[in-house]
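Student: I am new to this structure and should like to understand the terms used to describe it. May I put some questions to you?

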Amino acid sequence: IIRQLAERLISIDLLNRAADLLQHQVEYRLSGLDKARVGTRLASVRLLDNKSEEALKALELSNVAGLPADLTAERRLMQAKALAELNRGDEAMQLLAQDDSTNANLLRVDIAWKGQKWDAAALALNKVIGPPPAAGKPLDPNMSQLVLNRAVALALAGDGNGLNLLKKDFEGSMKGGPNEDA
């Protein structure tokens with residue numbers, strides 16, 4: 001019931017009150033996997049409320065052994081996001097070093113972009129974008145934006161060869177799309 005109440009408070013943007021309820025559950029009521037799951041939710045609420053330090057504390061408080069791989073990955077992403085928001089981008093990147101998931105690469109892009117590390121941003125965007133589509137197949141608007149962002153990162157990095165290769169690979173797919181002119 002407490003968790004449902006917390007979710008209701010989150011839905012109406014009473015993040016601090018929801019976090020207080022979840023915090024009490026993690027500290028005094030739960031153990032094991034339930035503690036880790038609710039602690040993860042608490043960390044996400046703290047991140048939504050722009051309280052990165054408290055998000056890290058929530059993850060630390062709810063850290064238990066033997067977590068499933070998906071929950072461990074989710075917690076690692078949250079920890080990296082909190083570290084990045086605290087201007088500890090290098091630590092965040094180290095935490096993501098072994099994670100090659102799409103979410104980790106998108107977070108790498110954000111961290112690199114914020115730190116103006118254009119080579120790293122372009123590399124992470126390349127991993128998210130993947131290979132070019134079949135000839136004549138247009139890109140969806142989201143993918144088109146990612147390709148444009150990669151072009152910007154490559155240009156800011158001064159990587160003319162990378163830009164030429166990107167143009168060669170995606171020029172046909174960008175035609176007729178929302179970013180054709182760019």
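Student: In which helix is the place of Trp113?

Tutor: Trp113 lies in helix α7; helices here are DSSP runs of H or I with at least four residues, numbered from the N terminus. This is a predicted model, in which local features need pLDDT of at least 70, side-chain atom pairs count only at pLDDT 80 or more, and totals for chains, interfaces and linings use all residues. Residues are numbered from 1 along each chain as its sequence is written, and side-chain values use heavy atoms, with hydrogens and water left out.

Student: Why is Trp113 called partly exposed?

Tutor: Buried means under 20% relative accessible area and exposed over 50%, with partly exposed in between (1.4 Å probe, protein chains only). Trp113 has 31%, so it is partly exposed.

Student: How do you know that the span of α7 agrees with its number of residues?

Tutor: The expected span is 1.5 Å times one less than the number of residues. For the 13 residues of α7 (102–114) this gives 18 Å, and the end C-alpha atoms are 18 Å apart, so the two agree.

Student: Which residues of α7 are buried, and against what do they pack?

Tutor: They are Ala104, Asn105, Leu107, Arg108, Val109, Ile111 and Ala112. These buried residues pack against α5 (69–85), α6 (89–95) and α8 (118–129), where contact means heavy atoms within 4.5 Å.

Student: What does Gln23 touch beyond its neighbours within four places in sequence?

Tutor: Gln23, found in helix α2 (residues 15–29), is in contact with Leu42, Arg46 and Leu61.

Key: Helix = DSSP H or I, 4+ residues; strand = E, 2+ residues; numbered from the N terminus.
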